[in-house]
Amino acid sequence: MTLSPSLLPEHVVLDDFAVEATGLLVAELRAAVRARGLVSVALAGGGTPLGLYRGLAIMAGDVDWKRVHVFWGDERLVSPDDSGSNYREAFEALLSHVPIPPENIHRVRGELPAGEAVADYVAQLREWAAVHDPRAPHPWPRFDIVLLGLGEDGHTASLFPGSPVDVAAPVIAVTADYQGRPAGRVTLTPRLLNDARRVIFLATGPKKTAAVRETWTIDDPVRFPARRICPANGRVTWWLDRAAAGALTSPA
Ligand code: 6PG
């Protein structure tokens, strides 16, 4: 299925957050390629990363895209050309504007039934790790960079409040009631995410201030699944704009 790449508007206007985040992420991508010869990135869905994706497209010349492999932290159970597809969002804002080899794009096949989509994505992760990340601690990628958004209810990827905690699988399918409607999703789990070298949470706008503050200050990983993302051998960073940061200082 081919999507027609949308042309970047002639003048893409990036807000300050997107400009800052783009510079930081370009530096992270280049550092990983220098260190290991390639970089594996799990992209986030939702609206927050869009400016960052567009910024990366503008700065395409600063990244060696043939060494970049992209995955997704979660995906909706829809076809890749559906307006709700996280793959479609990233394809239109970024991937269709940079010279990344198609074989470096590892999407969740959301058009499949949930169980098959999970099995297919796990197979993709295992096969990729066997070739490109044989020293990973588990039979899936140790991602260099994981981008994660944060919902107003505190969810991240498709780990929703009340989601099961002791999940041993690296990928699961969930059906969560999201914004008042059932949302069929496939999501990476903390089991896999916590192998990552870098986890970057992205949150912007005043509507996220409470979720950020509560995630940082309330020690309840069931209510605030983002608290379960704490790689033993990795770093977690929060990239916030002033509105989302509110009066926050730093994680407790
Ligand atoms: C998705 C994302 C989800 C998102 C949050 C925040 O599939 O929608 O993975 O976890 O990051 O819902 O979404 P916004 O960035 O649109 O606020």
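**Entry 1: the model.** I am working from a predicted model. I kept that in mind for every distance below.

**Entry 2: the ligand site.** I looked up the residues around the ligand and found 16. Thr48, Asp74, His155, Ala157 and Lys208 come nearest. Next I checked the ligand's oxygen atoms. One lies 2.6 Å from a polar side-chain atom of histidine 155. For alanine 157 the backbone supplies the N or O atom, also with 2.6 Å to a ligand oxygen. Asparagine 86 uses an N or O atom of its side chain, 2.9 Å from an oxygen of the ligand. I then looked up how much of the ligand is covered. Alone, the ligand exposes 410 Å², and the protein buries 89% of that.

**Entry 3: strands S7 and S8.** I turned to S7, residues 198-203, and S8, residues 235-240. The two strands pair in the parallel sense, with 6 bridges. I followed the chain from S7 to S8. The path goes through helix H6, residues 209-217, and this β-α-β crossover is right-handed. Within the pair, I found phenylalanine 201 opposite tryptophan 238 of S8.

**Entry 4: serine 96.** Where does serine 96 lie? I found serine 96 in the loop between helix H3 (86-93) and helix H4 (114-132). Its side chain makes a polar contact with the side chain of histidine 97, at 3.5 Å. I also took the separation of serine 96 from valine 199. They are 103 residues apart in sequence and 24 Å apart in space, C-alpha to C-alpha.

Terms used. Residues are numbered from 1 along each chain as its sequence is written. This is a predicted model: local features need pLDDT of at least 70, side-chain atom pairs count only at pLDDT 80 or more; totals for chains, interfaces and linings use all residues. Side-chain values use heavy atoms; hydrogens and water are left out. Two strands pair if DSSP finds at least two bridges between them. Helices (H or I, at least four residues) and strands (E, at least two) are DSSP runs, numbered from the N terminus. A crossover is right-handed if, with the strands pointing away from the viewer, the path from the first strand over the helix to the second runs clockwise. A residue is near a molecule or strand if one of its heavy atoms lies within 4 Å of it. A polar contact is a pair of N or O atoms within 3.5 Å; within protein, one must be able to donate a hydrogen and the other to accept it, and residues adjacent in sequence count only if both atoms are side-chain atoms. Accessible areas come from the Shrake-Rupley method with a 1.4 Å probe; for residues, only the protein chains shown count as cover.
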